[in-house]
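This report goes through one protein chain part by part. Please keep the sequence and the structure in view while reading.

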Amino acid sequence: MSSKAFIFFILLLNLFLFVTSEKTIFDKTNLKHLKLKNRIFRAAVGDTSFHNGKISEEGFQLYDQLSKNEIGTLFTGYTAISDYNAFPDDGMFRLDKDEYIPEFKKLVNLVHKNGANIIVQLVHIGMNTYTNADIVYAPSEVPLKDRDKMTKGMTKEDILKIENDFANAALRAKKAGFDGVEIHGAHFYLVSEFLSPLINKRNDKYGGNDENRARFLVEIIEKVREKVGKDYIVGLKINSEDGEENGITEEGLITACQLAEKAGIDYIQISGMRWISERIKSPIYAEISAKLAEKVNIPAMLTGGVRNLDEINEILNKSKIQYIGMARPLISEYDLIKKWKEGKTKKSRCVSCNTCLNYGYCIFHKKQSDMKKTKAADFQSIKLGEYKVTYLPDGELLTLPDLSYHGSTADDWNKLG
Ligand SMILES: Cc1cc2nc3c(=O)[nH]c(=O)nc-3n(C[C@H](O)[C@H](O)[C@H](O)COP(=O)(O)O)c2cc1C
């Protein structure tokens, strides 16, 4: 081969490598030993299908549908590690007792049979209880909103107990066959309350600065690792913002994540609070996730506002972000990823209206005929520019973006009727 031909060959090879090294959501990757058939995770969606130690038929059906439709890995909804009675969702998953292991084995087997992975999300809800729980645990003693009650600023014994509860629940998850556990350190549940300067007012070694605020999380990870061993997947979901001024800062986030990595976490899913109050239309945590991905040596997962295939492929290629979490689009269309894989790449119809979060159903699943059966006054809708204001049966007001505003058309809506 002449030297010119050789140089040309090398250039071609480089071009080929450059083109083929583009990331796409359909890449097969490994998270430690765990094989992932694509980069998509169904982000946690709290379930209320667990009663008297059994998952309901609808609960199994949901996971069956999701896992049959090309989502690589499912997170379960948040799952109680202890203090179940203080939790707001009657029927949420729980792993606070060994007796629940067999039921979760069935769930895991179902998902595995369908070719997907499943990771259980572990939570202690902290001060986020809506019931009259006797003790409401929190990092510090603070008044509970709308209630004539204070939280219990946790003692060292309380801290150790809850850390051990996380570790024991993780071991149960491993025994049930889950592919891993995710520590819920977001959304103002207990771990994120410790991470947030808004609530953590402690002046011992669990508060006062970023490193101390991360200590509870770090100790949980260490205790979980001791129980499940070094090969098991242990992940973290964390707030990148607390939705209010003086909440977790960028430095606080990076410090917590670096310490979590050192303690043995395998990936970090970045979330926050803004998706709850804002009608987000695009991945709101893309920038901070990309920044964080540069600061740690474990995969970063971007969740929140992902609706559009081209947009996420671009984000994957512009950053070190490895994985993508999606929740509401997959509530609306459980087969969205399958459609994308088949080349039907229309963006998700989800308009982030949060009807699923607040009322437990997707507006696109409500047939128009159901709406018509309801008294006219109950479902009066008024169009206000790009918003539609609707009166719900219980008298609450719901402000939705007009469907056409997010690229969905009135046709999508009519087809359902
Ligand atoms: C109905 C509903 C339930 C949720 N339950 C959980 C949960 O149990 N744990 C959790 O970390 N996040 C939960 N989330 C938040 C999602 O995992 C995700 O972070 C959020 O919806 C933003 O992503 P999206 O724009 O793809 O929906 C829930 C969201 C919804 C809409």
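Thr-255 lies in helix 8. The model is a predicted one, and what follows describes that prediction. Thr-255 has 19 C-beta neighbours inside 10 Å, so it counts as partly exposed; a residue needs 20 or more to count as buried. Apart from neighbours within four places in sequence, Thr-255 is in contact with Asp-210, Glu-211 and Ala-214. Thr-255 and Val-296 are 41 residues apart along the sequence, and their C-alpha atoms are 10.0 Å apart in space.

**The chain as a whole**

The chain has 417 residues, and 40% of them count as buried. It contains 16 helices and 18 strands. Of the contacts between residues at least 6 apart in sequence, 67% join residues at least 24 apart.

How many of the 7 residues of strand 12 are buried? The count is 7 of the 7, so strand 12, residues 233-239, is largely enclosed by the rest of the structure. In a regular strand, side chains alternate between the two faces of the sheet. In strand 12, Ile-233, Gly-235, Lys-237 and Asn-239 are on one side, while Val-234, Leu-236 and Ile-238 are on the other. Both faces of strand 12 are covered.

Strand 12 is joined to strand 11 (residues 180-185) by 6 bridges, and to strand 13 by 5 bridges. Strand 13 is in turn joined to strand 14 by 3 bridges, and strand 14 to strand 15 (residues 323-326) by 3 bridges. The table gives one bridge for each of these pairs.

| Residue | Bridge partner | Strand of the partner |
|---|---|---|
| Ile-183 | Leu-236 | strand 12 |
| Asn-239 | Ser-271 | strand 13 |
| Ile-270 | Leu-302 | strand 14 |
| Thr-303 | Gly-325 | strand 15 |

How do the paired strands run? Strands 11 and 12 run parallel, and so do strands 12 and 13. Strands 13 and 14 run parallel, as do strands 14 and 15.

From strand 12 the chain passes through helix 8 to strand 13, in a β-α-β crossover that is right-handed. Helix 8 is also the element that holds Thr-255. A right-handed β-α-β unit is also made by strand 14, helix 11 and strand 15.

Strand 14 is covered on both faces. Ala-300 and Leu-302 are buried on one side, and Met-301 and Thr-303 are buried on the other.

**Helix 10**

Helix 10 spans residues 286-295, and its residues Ala-286, Ser-289, Leu-292 and Ala-293 are buried. These four cover an arc of only 130° around the axis, which puts them on the same side of helix 10.

**The surroundings of the ligand**

The ligand is surrounded by 23 residues, and the closest are Ala-43, Ala-44, Tyr-78, Ala-327 and Arg-328. Which elements give two or more residues to this shell? They are strand 6 (73-80), helix 12 (328-332) and helix 14 (355-359). By type, the shell around the ligand holds 12 nonpolar, 9 polar and 2 charged residues.

**Two residues with positive phi**

Most residues other than glycine have a negative phi. Glu-70 is not a glycine, yet its phi is positive, at about 75°. Glu-70 sits in the loop between helix 2 (57-67) and strand 6. It has 21 C-beta neighbours inside 10 Å, so Glu-70 counts as buried.

His-187 is not a glycine either, and its phi is positive, at about 60°. The place of His-187 is the loop between strand 11 and helix 5 (190-195). Is His-187 buried or exposed? There are 23 other C-beta atoms within 10 Å of His-187, so it is buried.

Methods: Residues are numbered from 1 along each chain as its sequence is written. This is a predicted model: local features need pLDDT of at least 70, side-chain atom pairs count only at pLDDT 80 or more; totals for chains, interfaces and linings use all residues. A residue is near a molecule or strand if its C-beta atom, placed from the backbone, lies within 6 Å of it. Ala, Val, Leu, Ile, Met, Phe, Trp, Tyr, Cys and Pro count as nonpolar, Asp, Glu, Lys and Arg as charged, and the others, Gly among them, as polar. A residue is buried if 20 or more other C-beta atoms lie within 10 Å of its own, exposed if 12 or fewer, and partly exposed in between; C-beta atoms are placed from the backbone. The arc is that of the directions from the helix axis to the C-beta atoms. Two strands pair if DSSP finds at least two bridges between them. A crossover is right-handed if, with the strands pointing away from the viewer, the path from the first strand over the helix to the second runs clockwise. Two residues are in contact if their C-beta atoms, placed from the backbone, lie within 7 Å.
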